[in-house]
Amino acid sequence: MVDQSSQNEDLMQDSNLNEHHHSSEDSFQSLIEENLGAEPAEKVNQDVGAGRGVYISTYGCQMNVNDSERMYSLLEMQNFVPVQTPEEADLILVNSCSIREKAVHKVYSEVGTFRKLKDKKPDLKIGVGGCVGQQEKENLIKTQPMIDFVFGTDQIDNLPQLVAQIYTDKTKRISAKFEHRAPYHVETLVRNPGVATFVNIAKGCDNFCTFCVVPYTRGREKSRPLQHILADVRTLIQRGVKEVTLLGQNVNSYKDSGIDFADLMAAVATETDIERIRFTTSHPKDFNQKLADTMALHNTKIMEYVHLPCQSGSSRVLDRMNRNYTREHYLEKIAMLKKSIPNLVLSTDIIVGFPGETEEDFMETVNLVHEVGFETIFAFKYSPRPFTKAAKFEDQIDEAVKTERLNRLFDSHDAMAFEMVKSYEGQILKILVEKADREFGKVQGRSTSNKLVHFLGSPDLIGKTVDVKITKAFPAVFRGELVQ
Ligand code: 5AD
Ligand code: SF4
């Protein structure tokens, strides 16, 4: 997953790691739990929205961002009108994230602020979807009386039907079953795809890393058929898209009747006119030579950037995380990748303070970061999650120790990253221009290795790939000038 939280997010986190404890004493008469079934959206009265305003608040990873686009698109078909603020809305949806406890807190606190809006506008309907909805189900409605309905991660396509029911019978509802048997056959629904966009290729996860809630909130792993993905990419190209990022919790375990992820990437590269292909997130255990060879073979289209979460540099910790690789295996994969793709740029996810992590284990992680030379790291303090094995491990680490290790890891990485990116200064990079900057007269785009670059240029450049000379390089962002 691409986690959108900033690298320093956890630094600001307070030290409350307790899970939510919901009082389930409230007697709740009108609660109906049911699976709404897979009735197609078209069957719903097309005017459920009747011009009502809908606002969706989105947390977490790119999968959620895509899901929110899907929700907006489905609701627009029902004549809802997207609005910019919760105050203007008649329907508010919270698309929530539960990857770490802090993300859950954010959702609860935002939902809390909607109580006042509901006092002012009694007809306002509030629904919570996404991973917290999936995880908490009826607890959410029982403890947060302002919520009208909860819908799970597999129920997005039933949203029009669910909302129609909410408006007609005024009963609180929960729709959070996994559609285990239903194939993953959906087309990409995105309102304004822009120049670079995301295409879901798989969802769910079967890996059960002991720290991770995703297998419980996103369900079993499912892949979309290759032909559906190709059709989506072709449609997006017609809408002006130049770059797609193939998206899944675990893209490289993609499987569609004998076709694996490397085959899929080769097909997108050769059977569509897309200019750039990226992917996220891949798992080290499934990153094989065939995939590296495919990236090398199609290197004009498949970008030379890989996000490969290591989570820890200690084999002992990796084993307790159930990651299915050792430090040595991870380093072998990196060596293989660097050999196949000489200009490869790497980033990773890291968890510090996993239960039982010693100072030695932690230092192995710090050393791994330097040995690999990640340009970017996304590091987090371990946060115990419901249903997961590691939450029950007895050797939990003190919050203060986690914070201190996270700070030390970022400091150590920052020093290296500043040095690494300096070498970009003076280089000419190929930048796909994505949009105009907020700063007047400037545009922004990304290099092949995924660096964000700002430079002076006309909005006419949007959608074009241009040469830009880098004048100043910081770890997260570059400045440059157009080479005429
Ligand atoms: N605590 C802290 N970080 C976590 N991640 C996943 N689960 C947890 C957890 N319980 C991190 C992993 C993953 C990224 C998306 O979030 O590093 O790769
Ligand atoms: Fe979570 Fe591990 Fe699956 Fe990634 S591979 S979503 S970290 S369980």
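Here are some worked exercises on the predicted model shown above. Residues are numbered from 1 along each chain as its sequence is written, and chains are lettered from A and ligands numbered from 1 in the order in which they are written. In this predicted model, local features need pLDDT of at least 70, side-chain atom pairs count only at pLDDT 80 or more, and totals for chains, interfaces and linings use all residues, while side-chain values use heavy atoms, with hydrogens and water left out.

**Exercise 1. The overall fold**

Describe the secondary structure, the dimensions and the burial of the protein chain.

Solution. 
- Begin with the DSSP runs, numbered from the N terminus: helices are H or I with at least four residues, strands are E with at least two. The protein chain has 13 helices and 22 strands.
- Next, take the C-alpha trace, which spans about 65 × 55 × 50 Å along its principal axes.
- Then check the radius of gyration, taken over C-alpha atoms, against the globule rule of 2.2 Å times the number of residues to the power 0.38. A compact globule of 484 residues would come near 23 Å, and the protein chain agrees because its value is 23 Å.
- Finally, look at burial (buried is under 20% relative accessible area, exposed over 50%, partly exposed in between; 1.4 Å probe, protein chains only). Of the 484 residues, 58% are buried.

**Exercise 2. One residue in the interior**

Where does Leu230 sit, and is it buried or exposed?

Solution. 
- Leu230 belongs to helix α7 (residues 226-238).
- Its relative accessibility is 0%, so Leu230 counts as buried.
- Val268 is 38 residues away along the chain, yet the C-alpha atoms of Leu230 and Val268 are separated by 6.3 Å.

**Exercise 3. Salt bridges across the sequence**

Solution. 
- Start from the criterion: a side-chain nitrogen of Lys or Arg within 4 Å of a carboxyl oxygen of Asp or Glu. The whole structure holds 30 salt bridges.
- Arg218 is in the loop between α6 (214-217) and β10 (222-223) and Asp67 in helix α1 (residues 62-77), so to speak distant parts of the chain, 151 residues apart. Arg218 and Asp67 are both buried.
- Arg327 is buried because its relative accessible area is 10%.
- Arg408 lies in helix α13 and Glu359 in helix α12, so the bridge ties together parts 49 residues apart in sequence. Arg408, at 28% relative accessible area, is partly exposed, and so is Glu359 at 31%.
- Arg408 and Glu359 also belong to a salt-bridge network with Glu357, Glu404 and Arg405.

**Exercise 4. Around ligand 2**

Which residues come nearest to ligand 2, and how does its shell divide by type?

Solution. 
- Count a residue as near if one of its heavy atoms lies within 4 Å. There are 12 residues around ligand 2, and Cys205, Asn207, Cys209, Cys212 and Asn250 come nearest.
- Now sort them: Ala, Val, Leu, Ile, Met, Phe, Trp, Tyr, Cys and Pro count as nonpolar, Asp, Glu, Lys and Arg as charged, and the others, Gly among them, as polar. The shell has eight nonpolar residues, three polar and one charged.
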